[in-house]
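Please load the model in the viewer and keep the sequence panel open beside it.

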Amino acid sequence: MITLYGFGPMFGLPDPSPFVLKTLTQLKMSGLPFRLERATREDAPKGKIPFIRDGELVLGDSVFILDHLQRSHGVDLDAHLTEPQRSVGWALERMLEDHLYWAIIHARWAIDENFEKGPSQFFVGAPEAAKRAGQAGMKQVLHGQGFGRHSDAEIADLAGRDFASASRLLGDKPYLFGDAPCSMDATLFAFAAAATTPFFDSSIRQAAERHSNLVDYQWRMMDRFYEPALAE
């Protein structure tokens with residue numbers, strides 16, 4: 001049986017990491033038996049979560065985990081897509097994972113009120129200095145990446161462009177490419193949920209909620225894969 005390693009339910013989500021939530025949703029889509037266990041980055045093969053254990057194989061990174069499901073278990077969540085749709089889906093994922101992700105991190109770690117009730121939980125039992133160093137370290141990462149150099153309004157503007165693009169791509173369809181969900185739906189759901197969880201108050205949450213089709217889509221995905229509630 002496959003074991004998926006994540007952080008566990010936090011912040012009103014099945015997992016606080018959109019990457020874990022993405023892979024968790026894809027595993028639910030696959031129909032394969034699996035279990036979910038908690039882990040830390042120190043346990044992970046690349047120092048990042050999620051990762052899986054499948055027999056003797058230990059594999060990290062959500063992209064490569066999905067490849068493994070197809071290669072070793074014959075699961076192709078995108079079998080019904082055309083090649084152009086797969087390409088558009090890949091581009092959407094890169095926007096969410098390599099751009100919107102940093103807006104989410106900024107909202108959680110750089111806004112003190114959100115940090116105190118959210119990421120500070122990762123430092124429970126640690127000295128106060130360690131918690132402050134952790135927040136300062138993430139702010140330094142954000143500054144180096146670039147998002148940390150922007151104002152809150154500018155970050156909301158950038159995130160809003162991501163949400164607008166995703167909203168236009170979704171349109172009035174039930175899922176990204178029609179009546180059946182694909183692997184990229186798991187990604188859009190995970191990042192939309194991470195950005196709009198009521199646990200945090202932020203300008204990027206407000207930017208996402210301007211797009212009613214994204215809000216409806218998020219609840220549609222939740223109802224399909226996470227009944228009876230998003231937070232397990």
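Select helix H3 (residues 83–109) together with H7: H3 passes H7 in a left-handed crossing, meaning that the near helix is turned anticlockwise from the far one by less than a right angle (clockwise would be right-handed). Helices (H or I, at least four residues) and strands (E, at least two) are DSSP runs, numbered from the N terminus. H3 and H7 pack at an angle of about 20°, with their axes 10 Å apart. Axes here are lines fitted to C-alpha atoms, for helices over the stretch in contact, and angles run from 0 to 180 degrees between N-to-C directions. H3 and H7 are therefore roughly parallel to each other; angles under 35 degrees receive that description, those over 145 count as roughly antiparallel, 65 to 115 as roughly perpendicular and the rest as oblique.

Now display the side chains at this contact (heavy atoms within 4.5 Å). H3 contributes Gln85, Arg86, Gly89, Trp90, Glu93, Leu96, Glu97, Leu100, Tyr101, Ile104 and Arg108, and H7 contributes Ser183, Met184, Thr187, Leu188, Phe191, Ala194 and Ala195. The residues of the contact of H3 with H7 comprise 10 nonpolar, four polar and four charged. In this grouping Ala, Val, Leu, Ile, Met, Phe, Trp, Tyr, Cys and Pro are nonpolar, Asp, Glu, Lys and Arg are charged, and the others, Gly among them, are polar.

The model is predicted: local features need pLDDT of at least 70, side-chain atom pairs count only at pLDDT 80 or more, and totals for chains, interfaces and linings use all residues. Residues are numbered from 1 along each chain as its sequence is written, and side-chain values use heavy atoms, with hydrogens and water left out.

H7 passes H9 in a left-handed crossing. On the H7 side, Asp185, Ala186, Leu188, Phe189, Ala192, Ala193 and Thr196 meet Leu214, Tyr217, Gln218, Met221 and Met222 of H9. By class, the contact of H7 with H9 has nine nonpolar residues, two polar and one charged.

Four strands form an open sheet in the order E2-E1-E3-E4, with mixed pairing; two strands pair if DSSP finds at least two bridges between them. E2 and strand E4 (57–60) stand at the edges, each with a single partner strand, so one side of each lacks a neighbour in the sheet. The twist averages 25° from one strand to the next.

E1 and E2 run parallel and are joined by five bridges, with Leu4 opposite Leu36 in E2.

Four bridges join E3 to E4, which run antiparallel, and Phe51 stands opposite Gly60 in E4. Helix H1 (residues 18–30) packs on the sheet, touching E1 and E2, at about 155° to the direction of E1. Helix H2 (residues 62–73) also packs on the sheet, touching E1, E3 and E4, at about 140° to the direction of E4.

Finally, select Lys46, in the loop between strand E2 (34–38) and strand E3 (51–54). Is Lys46 buried or exposed? Lys46 counts as exposed because its relative accessibility is 54%. Not counting residues up to four places away in sequence, Lys46 touches Gly60 and Phe64.

Terms used: Buried < 20%, exposed > 50% of the residue type's maximum accessible area, 1.4 Å probe, protein only.
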